[in-house]
Amino acid sequence: MPFFQRKPENSHTVSCNIPRTEHCAMALSLDMAYQTERIIIGEMKEIARYFEGCVNPEPVILVDEVRPMGTMISELFETRPLDSIDAATGFRPDTVHHRPDLLEKAMRVTAELYASSNLVWRFVALRLWQEYQAVKDLPETSEINDRLDQIICPVRISHEQQIKSWHMVYTYSDLYRFLGGEYFDFPAWVMYQAGRPMTVYHVTDFSILPLYVHYLNTVYTKQAFFQYCKRCGRLYVAQTAKVKGFCSEGCRKAQQRDNRKRYDDSVKGDAAESNYRAAYMYWYNRMKKLRRDSDVDAGRMAELETAFKAFRDEATERKRDVQRKKADVGAFMAWLDEQRGRFDELAEGLPL
Ligand SMILES: [Zn+2]
């Protein structure tokens with residue numbers, strides 16, 4: 001009969017640097033005018049004090065970040081399916097007591113999620129950690145296990161494909177139908193931050209899905225769309241779904257710079273080509289005339305043929321270097337001129 005000895009809690013080899021919370025929450029506010037999102041994470045009662053403007057003692061806030069709009073949505077597209085299953089099952093009460101290896105794995109994954117820059121993951125990690133502390137000594141039930149699965153859901157499942165298809169065909173009345181099911185299973189609160197005007201936050205202490213719905217609804221009802229930046233690929237909010245654009249002024253300018261450079265390069269490439277052709281024709285036409293002339297000394301003719309071939313070989317090589325940006329077009333043109341002079345020297349006195 002297997003005998004499992006329950007290890008004391010401090011025997012875990014993985015150290016979890018995740019703050020222990022009693023009622024952690026994530027608050028989201030969207031600013032369509034400035035195209036930003038603000039996310040605040042902390043204990044619910046601390047967030048409330050923060051919004052009231054308390055300074056003494058200062059509320060403890062774990063995260064307060066303002067980011068370009070769309071950042072949270074792109075974080076929701078990032079997933080770690082296998083790790084998230086490990087995390088959810090590792091914190092089940094039976095696992096906690098009988099499979100220290102799986103518990104350790106869950107703690108490691110959760111610590112990694114909290115250490116990441118992905119704020120959705122950080123909130124999920126806090127929630128998991130809080131849930132683990134609350135249920136670890138209870139008898140395992142399917143309800144506890146379902147809650148763990150629901151908490152980890154945003155790390156397990158990506159909604160990127162749906163978002164991509166939604167924003168192309170979206171009409172306002174369709175959002176509910178498109179999302180359906182679990183998106184509407186959980187509530188979110190509304191909280192207000194002191195100020196004129198007050199800032200409205202949507203707040204969750206459990207599932208991120210209602211904040212997700214609120215986010216999509218806000219963007220779509222303002223006739224805006226999620227787009228991927230033409231340059232850096234980042235998700236951003238645009239006024240149109242049809243024309244591809246840039247996420248920022250920085251990306252737009254960088255692309256302009258690149259286009260200009262590409263144009264300059266192609267002009268330089270063309271210049272190399274046309275100058276080569278002109279120099280080649282200079283040699284070719286004169287060689288053709290001399291070959292037809294039986295009075296030209298055979299020895300000198302052979303010398304010219306060799307020089308012509310050497311010119312062609314070297315010119316092609318040099319032209320390729322210019323087109324591959326390994327050589328300067330100006331130097332190439334000067335060299336072509338020199339070669340014309342060289343032909344004139346070799347053909348001096350011949351009937352041209
Ligand atoms: Zn960009």
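The model is a predicted one.

The domain assignment divides the chain into domain 1, covering 9-217, and domain 2, covering 251-346. Taken over C-alpha atoms, the centres of these two domains are 65 Å apart.

Next comes a pair of helices. Helix α5 (residues 100-115) and helix α6 (residues 119-135) have axes that come within 7 Å and cross at roughly 140°. This angle makes α5 oblique to α6, and the crossing is left-handed. On the α5 side, the contact is made by Thr110, Leu113 and Tyr114. From α6 come Trp121, Arg122, Val124, Ala125, Leu126, Leu128 and Trp129. Sorted by class, the contact comprises 8 nonpolar, 1 polar and 1 charged residues.

The backbone also has some details worth a visit. Most residues other than glycine have a negative phi, and most peptide bonds are trans. The bond from Asn56 to Pro57, however, is cis, with omega near -5°; Pro57 sits in the loop between α1 (44-52) and β3 (61-68). Another cis peptide bond links Arg196 and Pro197, with omega about -5°, and Pro197 belongs to the loop between β4 (189-193) and β5 (199-204).

Gln35, not a glycine, has a phi of about 55° and lies in the loop between β1 (24-31) and β2 (36-43). With 16 other C-beta atoms within 10 Å, Gln35 is partly exposed. Lys325, also not a glycine, has a positive phi of about 65° and is found between α12 (298-323) and α13 (329-346). Lys325 is exposed, as 11 other C-beta atoms lie within 10 Å.

Definitions and conventions:
Residues are numbered from 1 along each chain as its sequence is written. This is a predicted model: local features need pLDDT of at least 70, side-chain atom pairs count only at pLDDT 80 or more; totals for chains, interfaces and linings use all residues. Domain bounds come from an automatic or database domain assignment. Axes are lines fitted to C-alpha atoms, for helices over the stretch in contact, and angles run from 0 to 180 degrees between N-to-C directions. Helices (H or I, at least four residues) and strands (E, at least two) are DSSP runs, numbered from the N terminus. Angles under 35 degrees count as roughly parallel, over 145 as roughly antiparallel, 65 to 115 as roughly perpendicular and the rest as oblique. A crossing is left-handed if the near helix is turned anticlockwise from the far one by less than a right angle, and right-handed if clockwise. Two residues are in contact if their C-beta atoms, placed from the backbone, lie within 7 Å. Ala, Val, Leu, Ile, Met, Phe, Trp, Tyr, Cys and Pro count as nonpolar, Asp, Glu, Lys and Arg as charged, and the others, Gly among them, as polar. A residue is buried if 20 or more other C-beta atoms lie within 10 Å of its own, exposed if 12 or fewer, and partly exposed in between; C-beta atoms are placed from the backbone.
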